Amino acid sequence: MRDFQSPAPDLHQAEPIPAAARDAIEALLRSGDLFRYTAPENSPVALLERDFAAMMGAKFALAVSSCSAALFLSLKALGLPKGAKVLVPAFTFAAVPSAVVHAEMQPVLVEVGPSYRIDLRDFEAKLADADAVLVSHMRGHTSDMDAILALAEAHNLPVIEDAAHSLGTLWRGRKIGTLGHVGCFSFQSYKMINAGEGGILITDDPELVAKAVIMSGAYEHNWKKHDIVGETAAKWQNRLPLYNLRMQNLSACVIRPQLAELPRRVNDGLANHDYVAAQLQESGYFDVPAPLAQETRAPDSIQFNLLDFTEAEARAFVMFAKENGASAQIFGLSEDNARAFWNWQFIEGGTPDLPKTRAMLAKACDVRLPVSLTGAALEYVSSALIDAARMVKG
């Protein structure tokens with residue numbers, strides 16, 4: 001048994017911001033030009049949009065204040081009617097159905113199975129009454145996108161990808177976020193690229209991005225500074241509400257130099273995940289769902305299911321893991337957890353009956369694995385979790 005009195009690794013520590021970002025921030029602070037629309041062209045935000053779109057192979061990108069803002073603007077820009085029904089997986093973060101509610105639409109929650117993926121039978125059963133699909137690749141777990149996209153196309157439904165946790169993930173070699181009509185990403189501190197807050201949407205649809213640009217806060221004629229939009233936005237001048245969800249230049253200066261770090265972070269994150277996953281799977285206490293054959297992951301955390309634990313044992317496991325220095329949460333047993341669908345009481349119509357998702361959340365554990373962790377730190381985390389399970393089960 002390992003001595004867990006030694007210092008535990010910090011599972012919330014982010015990588016240092018690159019020197020190039022610090023230089024860009026210093027230059028920006030000297031100029032005092034923090035607003036994205038002050039410069040006639042090539043503001044830091046505009047350059048970030050250009051580089052991110054190129055990196056993803058998308059025609060258009062719009063940087064905004066958060067991934068939630070990107071989801072909200074995507075829904076509004078699709079032109080869906082008030083009260084439109086949007087299918088959302090029941091395993092996601094509360095901000096995702098919140099974006100649907102903010103857009104004056106109705107989230108319809110879809111069952112999620114023990115592998116954290118959308119239950120296709122429930123998904124297909126609810127398609128007939130839906131107006132759009134919002135696929136949340138929660139914690140970087142990709143559902144069967146071949147089936148989802150085919151079913152959505154058969155019903156003529158647009159697909160939005162919430163790729164907040166999936167920057168760098170591939171599906172059949174294609175980048176997650178480029179499979180649907182629009183993809184939305186996060187730059188919040190616990191994501192692959194860290195700006196504290198921030199988000200971006202990508203699309204190949206000029207009409208959608210033009211409307212999103214206007215609504216994001218490109219008032220008067222500031223939309224002209226989005227050269228990718230051109231005159232497409234002109235007809236929407238003064239016809240759309242302004243929500244002022246812009247990204248500021250300071251955030252863009254933090255984000256843009258980190259784009260070059262993404263391939264390394266993806267490789268390191270996958271190696272870290274797979275090392276810990278193998279240790280946990282071999283212990284016999286846990287099940288770590290494997291990726292689908294079409295999926296190449298880019299994880300910065302690990303999720304696993306407890307095997308044959310009672311609720312009391314599951315709670316004891318969390319307590320012992322924390323004492324060992326490897327904090328874990330069980331989505332369905334953590335009080336007021338924002339990923340437990342029964343806590344989303346802002347959704348009209350009451351809490352739906354979703355037994356598969358509820359059962360999964362009662363056993364699904366979540367542990368952060370920053371890409372910066374070393375081999376010794378990974379061994380510490382694996383041992384701490386296995387030892388906690390052993391203390392519970394004997």
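Predicted model: local features only at pLDDT ≥ 70, side-chain atom pairs only at ≥ 80, totals over all residues.
Residues are numbered from 1 along each chain as its sequence is written. Local features need pLDDT of at least 70 and side-chain atom pairs count only at pLDDT 80 or more, while totals for chains, interfaces and linings use all residues, and side-chain values use heavy atoms, with hydrogens and water left out.

Biologist: Let's start with charges: how many salt bridges does the structure hold?

Modeller: Side chains of opposite charge can pair when their charged atoms come close. The cut-off used here is a side-chain nitrogen of Lys or Arg within 4 Å of a carboxyl oxygen of Asp or Glu. On that basis, the salt bridges in the structure number 19.

Biologist: Which helix holds R264, the salt-bridge partner of E15?

Modeller: The closest N and O atoms of E15 and R264 are 2.8 Å apart. This pair links distant parts of the chain, 249 residues apart, with E15 in the segment before α1 (19–31). Helices here are DSSP runs of H or I, at least four residues, and strands are runs of E, at least two, numbered from the N terminus. R264 sits in helix α9 (residues 262–283).

Biologist: And E15 with R265: are both buried or exposed?

Modeller: Those two also form a salt bridge, at 3.0 Å between the closest N and O atoms, and they are 250 residues apart in the chain. Buried means under 20% relative accessible area, exposed over 50% and partly exposed in between (1.4 Å probe, protein chains only). By that rule, E15 and R265 are both buried.

Biologist: Which residues are linked with E15 in a network of salt bridges?

Modeller: One of the links is R264 to D268, at 3.2 Å from N to O. Those two are four residues apart in α9, so about one helical turn separates them. R264 counts as partly exposed because its relative accessibility is 34%, and D268 is partly exposed too, at 28%. The network links E15 with E261, R264, R265 and D268.

Biologist: On to sheets: which are the edge strands of the four-stranded one?

Modeller: That open sheet has the order β10-β12-β14-β13, with antiparallel pairing; two strands pair if DSSP finds at least two bridges between them. Strands β12 (residues 301–306) and β14 (residues 364–368) pair over five bridges, and Q303 stands opposite D366. The strands that pair on one side only are β10 (286–287) and β13 (329–330).

Biologist: At about what angle does helix α10 run to β12?

Modeller: Helix α10 (residues 311–324) lies across β10, β12, β13 and β14. Axes are lines fitted to C-alpha atoms, for helices over the stretch in contact (heavy atoms within 4.5 Å). Angles run from 0 to 180 degrees between N-to-C directions, and the one between α10 and β12 is about 145°.

Biologist: In the three-stranded sheet, which residue stands opposite L170?

Modeller: The order there is β7-β6-β11, again with antiparallel pairing. β7 (174–175) and β11 (295–296) each have a single partner strand, so one side of each lacks a neighbour in the sheet. Strand β6 (residues 170–171) and β7 pair over two bridges, and opposite L170 stands K175.

Biologist: What relative accessibility does T142 have?

Modeller: T142 is in the loop between β4 (132–136) and α6 (145–154). Leaving aside residues up to four places away in sequence, T142 touches R117, H137, T169, W171, I176, L292 and E295. It counts as buried because its relative accessibility is 0%.

Biologist: Last one: which residue follows helix α12?

Modeller: Helix α12 (residues 375–393) has 19 residues and reaches 27 Å from first C-alpha to last. The expected span is 1.5 Å times one less than the number of residues, and α12 is close to its expected 27 Å. Next comes a residue with positive phi, near 80°: G394.
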